[in-house]
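Open the model in your viewer and keep the selection panel at hand. The stops below follow one after another.

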Amino acid sequence: MNLRTIYLSLFTLTLPWLLVACGSNGGDGRQPAPSSSSSSSVAPASGTIKVNQLGFLPAAHKLAVVPPVSADSFALIDASTGNEVYTGNLGGAATWAPAGDSVRLADFSSFTTPGEYRVRVVGIADSNRFRIAQDIYQPLNGAAIKAFYFNRASTALLESHAGVYARAAGHPDTNVQVHASAASPERPEGTVIQAPKGWYDAGDYNKYIVNSGISTYSLLAAYEHFPDHYQGQNLNIPESDNTLPDLLDEILWNLEWMLDMQDPNDGGVYHKLTDKEFDGAVMPHETGTQRYVVQKGTSATLNFAAVMAVASRVYEPFNAELSSEMLAAAESAWAWAQANPGVTYTQPADIKTGAYGDATLTDEHAWAAAELYITTGNAAYYNSMNPTQTQATVPSWGDVRGLAWVSLAHHLSNLTEVADKALIAQRITALADTLVEDWEASAYAVPMRQQNFVWGSNSVALNQAMMLLQGFQLNGNRDYLNAAQSLLDYVLGRNPTDFSFVTGYGVKTPQHIHHRPSEADGIAAPIPGFLAGGPHAGQQDASDCPVSYPSDLPAKSYLDHWCSYASNEIAINWNAPLVYVSGALQVLTEQ
Ligand code: 9MR
């Protein structure tokens, strides 16, 4: 183990556990009793002060959410000395509809001194501790990437890299059958192919190309936008000693699998590699059921083309041969999709795992076209994107239009004259402006609205942040950065549930994520660095759960229970924007 390795493993594995084990208040994880200075004649208010439980860079926008107390001021208390170090006025009370809560904001952005603090308001318990520090998101960013390593298929996780979460290899995927839905003349039903490696999608053990699209892209974009940050990072993964940055090593684990999901005979890409049914709560090596590649489709093939086009330019400086192979794969996938423009995914009757079905294909088409244009400079791809008809939206696995604009905006100054540069900038800033308006209008100071509390709502928050950060990188509008900060705050504890939704990072973190290895490994604490999906108004799992949701309100529809696949699962497309946003805020917040 070299020094860098020791440093990072200390942070990624040890520190969060120390924080969890010790809590913020002496070890039992409970909220502190109101301090003497807060017990006055003022009637106690109900509710707790919500803060980002990790904290802030010194120059960050800094908010806490306070219940509707009668006091009009708040103070920051040095957590170790108990001294008051800052006072400010509370904003007026307003209701945040998704939670039905009336709240007041405490803004202490102008306080920049590194240290550990609590927010104190007379009549209510002090907030959890949080830190102000220059490197505040480094450990979180590393752990969020390392979570992908923990979800690797086809390999044993060694103790030297995985610590107590070491496990045997599962799913070699060297004996995968072509399912009837995927049969072709060259590969009839039952043909055996190999497609090892890749990441498990989520709490289940299947591998889906559509969801790998946005996930792998978000990680590639993190690297492409902030290469210096990621070149300096050591994640203590098996490849840490090679010449590739660790983030690119981790991404390559999935890209190698994706390349095997393309049929070399025609360029089409299989939709997924899957069991017929979801496994029980067992470790990866305890499964062993037959796996299949299922139906080639336009959505999977275009997702593949987009990701390979990006990967081709990102890996080019490190491995020209691999880069050419990726571009050729992207172009043959594109050709297949042009010849087969409307093959939507239909789940075969005997396959019960995740569908990732998507009837709208124009967004995947636009995204693949944009990436191929950026990588090759070929104007035909730009025109094929149909830019004037393609809007920028907050990305999700089912709507990837926004990713096209992210890449075009990042490469703006190098694009050829066919590209409408004013349109590209306008698409990004118009979306960022809308999100800023929602942020300003929100009592909780987050752009999340009622309709955003869907499956994986925490990823909606982080993808909103990712789009705001594109606006900031384009024109330096500080509101965009501040709204993005608020969204990370939301995910890390400034939300109505009081949970910091990343396992091991914060004071009150999910303990029972819907993640088979975390459930089956016999270790009480879940694997660190995973983002829980978060509050989900649908509550589709309510009838499968032995406990009730605490509320029907969208922003409170969260259960920290293994049963809750609808609010407490983890997924690669949710962790990926956590990586992007934590890394970007670490780099972009003025130092
Ligand atoms: O994230 C997906 C969500 O948008 C869908 O509504 C949901 C139901 O189809 O599926 C989610 O994705 C799951 C996938 O199908 C299988 N692996 C776990 C994913 C996260 O729950």
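Select Trp397 and the ligand. An N or O atom in the Trp397 side chain is 2.9 Å from an oxygen atom of the ligand. Bear in mind that this is a predicted model.

An N or O atom of the Asp204 side chain is 2.9 Å from a nitrogen atom of the ligand.

On its own, the ligand has 460 Å² of accessible area, and the protein covers 76% of that. The ligand sits in the largest pocket. Now show the residues around the ligand: among them are Asp201, Ala202, Tyr208, Gly354, Trp455, Glu569 and Trp574.

Move on to helix α16, residues 572-588, and pick Val581. Is Val581 buried or exposed? Its relative accessible area is 0%, so Val581 is buried. Display what Val581 contacts beyond its neighbours within four places in sequence: Leu462, Ala465, Met466, Leu469 and Leu488. Then select Gln485. Val581 and Gln485 are 96 residues apart in sequence, yet their C-alpha atoms are 8.7 Å apart in space.

Last stop: helix α5, residues 227-231, which holds His229. The relative accessible area of His229 is 14%; buried means under 20%, so His229 counts as buried. Which residues does His229 touch, not counting those up to four places away in sequence? Select Gln138, Asn141, Gly583, Gln586 and Val587 to see them.

How values were computed: Residues numbered from 1 in each chain as written. Predicted model: local features only at pLDDT ≥ 70, side-chain atom pairs only at ≥ 80, totals over all residues. Heavy atoms only, no water. Helix = DSSP H or I, 4+ residues; strand = E, 2+ residues; numbered from the N terminus. Buried < 20%, exposed > 50% of the residue type's maximum accessible area, 1.4 Å probe, protein only. Contact = heavy atoms within 4.5 Å. Near = heavy atom within 4 Å. Polar contact = N/O pair within 3.5 Å; in protein donor to acceptor, adjacent residues only side chain to side chain. Areas by Shrake-Rupley, 256 points an atom, 1.4 Å probe, with all protein chains shown as cover. 1 Å grid on protein atoms, 1.4 Å probe; cavity = no way out; pocket = protein on both sides within 12 Å on 5 of 7 lines; lining within 4 Å. Sits in = over half its atoms within 2 Å of the grid points.
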